[in-house]
Amino acid sequence: MTGTGQLRGLKVVEFAHVVAGPMAGSMLADQGADVVHVEAPGAGDAARAMGPVRDGVPLWFKVAGRNKRSVTLDLHHAAGREIAHRLVAWADVVIVTLRAGRLRDWELDWEAVHRINPAAILLQISGFGATSSRADEPGFGKMGEARSGVVHLTGFPDGPPVHTGFSHGDAVTGLMGAYAVLAALHRRATDPGFDGEWIDLALFEPLYRLIEWQIITYDQLGTVPGRAGNQLAVAPAAVINTYRSRDGEWITVTSATLRSVRNVARLLGLPEEDFATSAQQHAGRETLDEGLREWVAARTTGECLEEFARAEVVASRVFTAADIVADPVYAERGDVITVDDADLGPVRMQGVIPHFHHRPGKVWRTGPRLGQDNRLVYHDWLGLGEDELADLEKQGVI
């Protein structure tokens, strides 16, 4: 066991690929859980072939698979399913993203998992949830984003709805899945009658839950909030937008309190008494917005940020990856770390977030090579013998 964080000793097995399920496992692994990532022999997780590549080595999986054990297992084979059930019996937490029908066929659904390991926590992530009429249909994170309402709210009023440029729905589902696992673990630790738990999470539900005002606004007012650009759709601030500086960079400025908006007015040379109340500030939004646009355009990014800081106006350059790596606050927080990788040498990636001060997690390995931990998991942890391992390899099961 290599983990050092809050979850050291927790055993997790993932029958999950690409983003949502593995993201949940990644959050647990970063905090010290031993996570076994089960992959098909040959190609492995599809994430291994996705995204940017350097010298033939895919980069995404180096982060997505970090702190995990990779084992290969052919679940189409009866012997592979038998080993999968042994992994379920070994684990505290089981994460699955397979379709409902496949889970039943392979006996990795709730009924089977609970029979094999009555104390296990099953996190099941699917497109539409296990209890819906569409339980057997496939789903992806972008579909979940569209169904949640978040895509309808993203973009400008005169433009199309917009998806974010990363796996937003999948990632948030993974985070909520990890949160749900921790809630179940708390009950397991405090309830003498704990009899396992089934967490059933659909890909559209986490983002849907985060837009707190969406449903109650429609229910009570009969209105459907729409796209508002950089503003909040139902609670527009007097100042919230992006502005382009003289040297071509973008800066976000946000002022949502009475005092902070008056700070903007003072900076622009506008009469503060014209922005003394919420009503005045709301009425003067366009004046402030246009004033900021001209003010920022006349200055370099550095000049803007220095003057904003002196005026106590909250602002930030719109960061790129290069900005993040060079930023002192990211460095001070330990949010960009360097990890040795067997294929690439030293690589930089995100540190462990959130930060625990008394028993922090750590990144002890990058995403492993396919099947790198077969012997450790199958021989050392599950107790399979040498002859059995050799036979499974010969049959192509592992």
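**Close-up views of a predicted model**

**View 1. His-114 is placed in helix H5 (residues 110-116).** Helices (H or I, at least four residues) and strands (E, at least two) are DSSP runs numbered from the N terminus. This is a predicted model in which local features need pLDDT of at least 70 and side-chain atom pairs count only at pLDDT 80 or more, while totals for chains, interfaces and linings use all residues. Residues are numbered from 1 along each chain as its sequence is written, and side-chain values use heavy atoms, with hydrogens and water left out. The His-114 side chain reaches the backbone oxygen of Pro-118 at 3.5 Å. Not counting residues up to four places away in sequence, His-114 touches Asp-195 and Gly-196 (contact: heavy atoms within 4.5 Å).

**View 2. Strand E2 (residues 34-39) is mostly covered, with six of its six residues buried.** Buried means under 20% relative accessible area, exposed over 50%, and partly exposed in between (1.4 Å probe, protein chains only). Asp-34, Val-36 and Val-38 point one way from E2, whereas Val-35, His-37 and Glu-39 point the other way. Strand E1 (residues 11-15) runs parallel to E2 and is joined to it by four bridges; strands pair if DSSP finds at least two bridges between them. Lys-11 stands opposite Asp-34. Five bridges join E2 to strand E5 (residues 68-72), also in parallel, and His-37 stands opposite Ser-70 there.

**View 3. The largest nonpolar core has 32 residues.** Such a core is a set of buried Ala, Val, Leu, Ile, Met, Phe, Trp, Tyr and Cys residues joined through side-chain atoms within 4.5 Å. Phe-15, Leu-73, Val-94 and Tyr-378 have the most contacts inside this core. Helix H3 (78-90) gives the most to the core, with six residues. Leaving aside neighbours within four places in sequence, Val-94 is in contact with residues including Val-13, Phe-15, Val-88 and Val-113.

**View 4. Trp-110 and Trp-198 form a stacked aromatic pair, 6.1 Å centre to centre with 5 degrees between the planes.** Rings of Phe, Tyr and Trp (its six-membered ring) pair if their centres lie within 6.5 Å; planes under 30 degrees apart count as stacked, over 60 as edge-to-face and the rest as tilted. Trp-110 lies in H5 and Trp-198 in strand E8 (residues 197-202), so the pair ties together parts that are 88 residues apart in sequence. Trp-110 is buried at 15% relative accessibility, whereas Trp-198 is partly exposed at 29%.

Note on methods. Polar contact = N/O pair within 3.5 Å; in protein donor to acceptor, adjacent residues only side chain to side chain.
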